[in-house]
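Work through the two exercises below with the model open. Each task is followed by its solution.

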Amino acid sequence: MMKLRSIELALPKAADAHSWMIDIWGCADGGRIGDTFYLRGSGTYPYLMAIAESADNFVRSTTFVCSPERLAQVALAATKRGLNAAPCVSSDPGGGHGIVVELAEGELLRFLVDAAEVAPIEGHAKATRRVMPVKLTHVVFNAADAEASGDIVEEVLGFRVSDRTKGMVFVRCNEAHHSTAFARAGFSSLNHVAFEMEDLDAVMRGIGSMRDHGFAPAWGPGRHGPGDNVYAYYIAPFGPVIEYSTAVEKVGEDYQAGEPDDWTWPEKRIDQWGVSDKDFAGLRVAEEAFRFRREWQPAPINELTGA
Ligand SMILES: [Fe+2]
């Protein structure tokens, strides 16, 4: 078992970002611990995004929850590969313990076991006439060498490459077509964070709610090729690219990974619907706003590997 759970960011004016994500984006308040603010969805994870107060923007980690067996496999493979890693005990809501691993381009991935879940939030749409994200569906990274990043997550994390396009290497860790991807960007950073909405109607109502508050999509609505998911991307006022998404394709073990030539578009098209323009320049700036910063010292994780 392996599931994407949350992303942990640090940025200035964390309290303002937290409020915006609740009042405008539709997340629920996941509480506060010290200078770190938490946002949850309607699903069973205690939080989806942590925002720590900091003088500048950076990504602290992206968190997956997994079985003890998978944790041991990842720990063994990360040790074999010689990656920076350390044992960790989560002080975030839900707790849990495990390891944090630094990939080749500085991406910081945390793997937890024994992390608690919470009761889902039911009936919020009826009560508030608002939409609320359910959970995260993918976190995408920019990479200098996206192929190498795809290789390393297959080798070390046991993830599988689902598709390759001219722009991206899509990677899955369960039956969802992708939970992460590496963009062929030429540099390493956070590309975007996608929130799973209940259905297409919830995405459209989310776009309407954002419009009520004066925000237009930087790209979308549209439907992607690989993964077949619906999207609407926004540049959050506190920096990063965030997405309403839904209906990502489910794939089996036998899914045949497509190559860039399998995913070409007709002229003037970059998605299935073709109803929206894309703010390439604005997105590019936002996609460089959050780099990775390792706040911990590498330490042996051998006790988790059984070695
Ligand atoms: Fe996305």
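**Exercise 1: a helix and its faces**

In α5, the buried residues are Ala202, Val203 and Gly206. Buried means 20 or more other C-beta atoms within 10 Å of the residue's own, exposed 12 or fewer, and partly exposed in between, with C-beta atoms placed from the backbone. This is a predicted model: local features need pLDDT of at least 70, side-chain atom pairs count only at pLDDT 80 or more, and totals for chains, interfaces and linings use all residues. Residues are numbered from 1 along each chain as its sequence is written.

Task: why do the buried residues of α5 line one face of the helix?

Solution. 
- Look down the axis of α5: the buried residues fall within an arc of 100°, so they line one face. The arc is taken from the directions from the helix axis to the C-beta atoms.
- Turn to the face away from the buried side: exposed Asp201, Gly208, Arg211 and Asp212 sit there.
- Find the cover: β14 (219-223), β15 (230-235) and β16 (241-246) are among what covers the buried residues of α5.
- Leave the helix: glycine 214 follows α5, with a positive phi near 90°.

Methods. Helices (H or I, at least four residues) and strands (E, at least two) are DSSP runs, numbered from the N terminus. Two residues are in contact if their C-beta atoms, placed from the backbone, lie within 7 Å.
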